[in-house]
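Hi,

Here is the structure I said I'd pass on. Have a look at it first, and then read my notes below.

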Amino acid sequence: MRKNFGVKPWCYPQPVFILAAYDENGIANAMNVAWGGIHYDDQIAMCISANHKTTENILASKAFTVSMADVKNLIACDYVGIVSGNKVADKFAKAGFTSTKSDFVNAPVINELPMTIECELVSYNPESCTLIGRIINVSADESILDKDGKIDPAKLSPITFDPVHNEYRVIGERVGKAFGDGLKLK
């Protein structure tokens, strides 16, 4: 038997993304976004309202980065989702974040978050709050790479958002092989 909950913005897992962009003075700002994901092979989509400082910055700079929130930086990642850049000008620094300018787009790479998607703005619809970016580069700190030079999710320790309980959860262990285990039924 199932229990019906009606219309809810619930989906598992919901990645915790940290969007960052420069303002008109080259100052980095960041925000926590839980509603987003890959849009096409080379695009990412986010749901963010127009009243955010980061949205304003992205529209002005035409670029942004998307970092994966991780266990190690959970408090800082939550903080940039609680505090508005419109009210706290130095929230990026207060979170303990530092940045390096991306080599690919005019946006900050957050040094403390080891995986970043570097994007240029494709479009923004303020009515639907849909932000779409073209992925120009994905960068990862060597500390989260496996022996083959690929990103190791266990080393990254990304967190997800549990919208039902308002909690963060860590991604778990490997349980199967994608595009392989199902071949047993073929």
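Which residues make a nonpolar surface patch of about 400 Å²? The patch is made by Phe5, Trp10, Tyr12 and Val164. A salt bridge here is a side-chain nitrogen of Lys or Arg within 4 Å of a carboxyl oxygen of Asp or Glu. The areas come from the Shrake-Rupley method with a 1.4 Å probe, and for residues only the protein chains shown count as cover.

Before going further, a word on the model. It is predicted, so local features need pLDDT of at least 70 and side-chain atom pairs count only at pLDDT 80 or more, while totals for chains, interfaces and linings use all residues. Residues are numbered from 1 along each chain as its sequence is written, and side-chain values use heavy atoms, leaving out hydrogens and water.

Phe5 sits in the segment before S1, and it counts as partly exposed because its relative accessibility is 46%. (Buried means under 20% relative accessible area, exposed over 50%, and partly exposed in between, with a 1.4 Å probe and protein chains only.) Pro13 is also in the segment before S1. The peptide bond leading from Tyr12 into Pro13 is cis, with omega near -15°. That is worth a look, as most peptide bonds are trans.

Now the sheets. Helices (H or I, at least four residues) and strands (E, at least two) are DSSP runs numbered from the N terminus, and two strands pair if DSSP finds at least two bridges between them.

S11 (residues 159-162) and S12 are joined antiparallel over 4 bridges, and Ile159 has Val170 as its bridge partner in S12. Follow the chain into the segment after S12 and you reach Glu173. Glu173 counts as exposed because its relative accessibility is 68%.

Another open sheet has 7 strands, ordered S3-S2-S6-S9-S10-S5-S4 and paired antiparallel. At its edges are S3 and S4 (36-40), each pairing on one side only. From one strand to the next, the twist averages 35°. (Axes are lines fitted to C-alpha atoms, for helices over the stretch in contact, and angles run from 0 to 180 degrees between N-to-C directions.)

S6 and S9 run antiparallel and share 5 bridges: Ala63 has Glu120 as its bridge partner in S9, and Ser67 stands opposite Thr116. Thr116 in turn stands opposite Ser139 in S10. S9 and S10, again antiparallel, are joined by 10 bridges. They form a hairpin with 4 residues between them.

Cys129 is buried, because its relative accessible area is 18%. Most residues other than glycine have a negative phi.

Lys62 is another residue with positive phi, near 65°, and is not a glycine either. Lys62 lies in the loop between H1 and S6, and counts as partly exposed because its relative accessibility is 49%.

That brings us to the helices. H1 (residues 53-61) has several buried residues: Lys53, Thr54, Thr55, Asn57, Ile58 and Ser61. What covers them includes S2 (17-22), S3 (28-33), S6 (63-68), S9 (115-125) and S10 (130-140). H1 lies across those strands, running at about 55° to S2; contact here means heavy atoms within 4.5 Å. H2 (residues 74-82) lies across S2 and S3, at about 95° to S3.

Happy to talk any of this through.

Cheers

How values were computed. Patches are made of residues with over 30% relative accessible area and no salt bridge: like charges are joined within 9 Å, nonpolar side chains (Val, Leu, Ile, Met, Phe, Trp, Tyr) within 5 Å.
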